[in-house]
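Dear colleague,

Please find the structure below, handed over for your use. My findings follow directly after it.

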Amino acid sequence: MSRILFSRSQFVLGKHVGRFSTTANQLKDIRNVTVIGAGLMGSGIVQVAAQADFKVTMVDTTDAALKNGQNIIGASIKRVARKKFPESAGDQQAYIDKALANIVVSTDPLKDIGSTDLIVEAIVENIDIKQSLFKNLDSHAPADTIFCSNTSSLSITKIAEATSEARRKQFAGLHFFNPVPAMKLVEIVRTNATSDAVYKSLVDFAKATGKTSVECKDTPGFIVNRLLVPYMMEAFRILERGEASAKDIDTAMKLGAGMPMGPLELSDFVGLDTMKFIMDGWAKDKALDEAFVKPCKVLDDLVRDGHLGRKSGKGVFDYSKEG
């Protein structure tokens with residue numbers, strides 16, 4: 001769920017206006033992919049696409065961000081190669097070299113946009129910034145380029161409102177899960193405007209990257225987060241009411257329900273600030289029943305104090321002593 005923050009001004013593009021002359025009724029043969037955002041999610045999407053032999057352009061606002069994304073990919077792809085070819089260092093290196101050769105990086109979101117078949121946005125969860133980015137890209141990308149957001153919590157329909165009516169038929173959610181190279185699921189989120197051809201093209205793309213896709217309407221949280229976030233929040237409320245300790249809540253769900261990770265440890269993994277952002281957004285939009293989105297002082301206090309989970313070294317649990 002980590003994303004790189006793009007400012008509104010950094011993606012103000014030129015004045016060239018793309019031409020919309022084709023329809024969205026034919027399947028798109030996706031070969032060239034642009035991923036905007038080189039954080040954990042963006043770099044992961046770049047990696048799985050490159051491993052599947054797609055040509056990928058990874059875009060971010062600074063060379064430092066791109067370098068960080070390349071480092072993430074470099075470390076991750078070595079693990080994949082070792083797992084695929086445990087007995088052959090030569091095959092491992094050949095696999096790594098082939099995948100990395102499919103990746104180019106740029107601070108220019110227009111790089112290769114004329115030949116881009118699919119754009120996947122994986123930037124900060126801010127609808128105004130996302131809309132600004134897609135509005136500018138819309139006037140430059142070919143008419144049949146598919147636009148996707150990897151958002152985990154925002155409305156795809158609202159993001160797509162920044163684009164033309166024709167482009168909205170080419171717009172969908174493509175929600176990968178962290179860590180992207182390991183997690184097998186992709187949620188394909190359809191708005192009322194998303195064409196059948198675009199949906200089927202995205203199913204094919206997901207399959208090619210080794211993922212299983214599920215279809216979902218543009219509903220708050222889609223499928224996974226709609227179920228998962230209220231479950232994790234209820235664990236916080238049990239903790240807040242003093243009904244059980246954090247350790248016992250997690251132990252109960254692991255041993256009693258067969259969960260590989262307890263809800264509070266999972267919240268620390270996701271990021272407590274991300275949890276709060278999703279809940280606050282749902283509350284503001286009145287997307288769910290009030291009982292599901294009421295504030296939780298334990299969570300709010302942890303975020304206020306900078307205890308955001310694993311990424312900060314401390315959340316519900318303390319990870320500062322881990323190697």
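Lys297 is exposed in this predicted model, with a relative accessible area of 54%. Its side chain takes part in a salt bridge with Asp301, in which the closest N and O atoms are 2.6 Å apart. Asp301 and Lys297 both belong to helix α13 (residues 297-304), and because they are 4 residues apart there, about one helical turn separates them.

Across the whole structure, the search finds 16 salt bridges. Side chains of opposite charge can pair when their charged atoms come close. Two further pairs may be of interest to you. Lys130 forms a salt bridge with Glu125, with 3.3 Å between the closest N and O atoms. Lys130 is buried, at a relative accessible area of 0%, and Glu125 is buried as well, at 13%. The other pair is Arg241 with Glu234, whose side chains meet in a salt bridge at 3.3 Å, N to O. Here Arg241 is partly exposed, with 45% relative accessibility, and Glu234 is partly exposed, with a relative accessible area of 36%.

I turn next to the nonpolar interior. In soluble globular proteins, nonpolar side chains tend to be buried together. The largest nonpolar core in this model has 32 residues, and those touching the most other members are Leu118, Cys148, Leu174, Phe176, Leu202 and Phe205. Helix α1 (residues 40-51) gives the most to this core, contributing 6 residues. Phe205 illustrates the packing: leaving aside residues up to four places away in sequence, Phe205 touches Ile30, Val33, Ala49, Phe54, Leu118, Leu174 and Phe176.

Helices α4 (127-138) and α11 (272-285) each supply at least two residues of the lining, and α11 gives the most, with 6 residues. Sorted by class, the lining of the second largest pocket holds 7 nonpolar, 6 polar and 6 charged residues.

Two individual residues complete this account. Thr163 is located in the loop between α5 (156-160) and α6 (165-168). Thr163 counts as buried, at 5% relative accessibility. Not counting residues up to four places away in sequence, the contacts of Thr163 are Phe134, Asp138, Phe147, Arg168 and Phe171.

Gln92 lies in helix α3 (residues 89-100) and is buried, with a relative accessible area of 17%. With residues up to four places away in sequence again left out, Gln92 touches Ala81, Arg82, Phe85 and Pro86. Gln92 and Lys169 are 77 residues apart along the chain, and their C-alpha atoms are separated by 41 Å.

Yours sincerely,

A colleague

Methods
Residues are numbered from 1 along each chain as its sequence is written. This is a predicted model: local features need pLDDT of at least 70, side-chain atom pairs count only at pLDDT 80 or more; totals for chains, interfaces and linings use all residues. Side-chain values use heavy atoms; hydrogens and water are left out. A salt bridge is a side-chain nitrogen of Lys or Arg within 4 Å of a carboxyl oxygen of Asp or Glu. Buried means under 20% relative accessible area, exposed over 50%, partly exposed in between (1.4 Å probe, protein chains only). Contact means heavy atoms within 4.5 Å. Ala, Val, Leu, Ile, Met, Phe, Trp, Tyr, Cys and Pro count as nonpolar, Asp, Glu, Lys and Arg as charged, and the others, Gly among them, as polar. A nonpolar core is a set of buried Ala, Val, Leu, Ile, Met, Phe, Trp, Tyr and Cys residues joined through side-chain atoms within 4.5 Å.
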